[in-house]
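Colleague: Could you walk me through this one? I am new to it, so please take it slowly.

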Amino acid sequence: MVTAYMEDAVQSHRLITSRPPTHPSPKNSFVLNYKKIPYTTDFIGFPSIAATLSAAGAPPTRTADLRYSVPALIDSDGSTVLADSAVIADHLERTHPAPTIYPHGRAAQMRWADGVMGALAGVLAPIVVPATARILPEADAEYFVRTRKLIFGTCLLLMSNAERG
């Protein structure tokens, strides 16, 4: 997803899914809504992420292999183009400091988030990653399955079955 925020409106980009979305991006929509920053959302498919974000001037979220990911944010005049939800949240906190999203400070929030993700990522990945393909349009699902096999070194079906074990 790409989010654009405004003086007029921010543009947000988000993945297309076969099911109706309930929000643009959990983290970034929370920050934009909490800070009452108007925005629009554009939905893009997995195969289009790199081309869309590269053309918009977004930096890759992984430079070693030039990987792009959503969410991304483009401000209304196009002068700021960001990707990665933490980078976007920090930018919005700097440019729109009140109300703060870090009531106990950013470091405390990052420790909490790292603790939660550290505890859950390994447990949830074998469940969430294979299930993701089922909610994507067919072309996106094919792309997702193919690229995740390269990333994880195994097909998603085997990843899911290994967890059930």
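**Salt bridges and other contacts**

Modeller: Arg 106 makes a salt bridge with Asp 90, with 2.7 Å between the closest N and O atoms; the term stands for a side-chain nitrogen of Lys or Arg within 4 Å of a carboxyl oxygen of Asp or Glu. Since Arg 106 lies in helix H4 and Asp 90 in helix H3, the pair ties together parts that are 16 residues apart in sequence. Helices here are DSSP runs of H or I with at least four residues, strands are runs of E with at least two, and both are numbered from the N terminus.

Modeller: Before we go on, this is a predicted model, in which local features need pLDDT of at least 70 and side-chain atom pairs count only at pLDDT 80 or more, while totals for chains, interfaces and linings use all residues. Residues are numbered from 1 along each chain as its sequence is written, and side-chain values use heavy atoms, with hydrogens and water left out.

Colleague: Is Asp 90 buried or exposed?

Modeller: Asp 90 is buried, with a relative accessible area of 15%, whereas Arg 106 is partly exposed at 37%. Buried means under 20% relative accessible area, exposed means over 50%, and partly exposed lies in between, with a 1.4 Å probe and protein chains only.

Colleague: How many salt bridges does a search of the whole structure find?

Modeller: It finds two, and one of them joins Lys 35 to Glu 93, whose closest N and O atoms are 2.8 Å apart. Lys 35 sits in the loop between helix H1 (26-34) and E3, and Glu 93 in helix H3 (residues 85-95), so this pair ties together parts that are 58 residues apart in sequence. Both Lys 35 and Glu 93 are buried.

Colleague: Changing topic, how many aromatic pairs are there?

Modeller: The structure holds three aromatic pairs, where rings of Phe, Tyr and Trp (its six-membered ring) pair if their centres lie within 6.5 Å, and planes under 30 degrees apart count as stacked, over 60 as edge-to-face and the rest as tilted. The ring centres of Phe 46 and Phe 144 are 5.1 Å apart and their planes stand at 55 degrees, so that pair is tilted. Phe 46 is in the loop between strand E3 (39-44) and helix H2 (49-56), and Phe 144 is in helix H5 (residues 138-152), so to speak of sequence, they are 98 residues apart and the pair links distant parts of the chain. Both are buried, and together with Tyr 143 they form one aromatic cluster.

Colleague: Which other residues of H5 are buried?

Modeller: Besides Phe 144, the buried residues in H5 are Asp 140, Ala 141, Thr 147 and Arg 148. Seen down the axis of H5, the buried residues fall within an arc of 145 degrees, taken from the directions from the helix axis to the C-beta atoms, so they line one face of the helix. The face turned away from that buried side carries the exposed residues Glu 138, Ala 139 and Leu 150.

Colleague: And where are the cis peptide bonds?

Modeller: One joins Val 70 and Pro 71, with omega about 15 degrees, and Pro 71 is in the loop between H2 and strand E4 (72-74). Another joins Ala 98 and Pro 99, with omega about -10 degrees, and Pro 99 is in the loop between H3 and H4.
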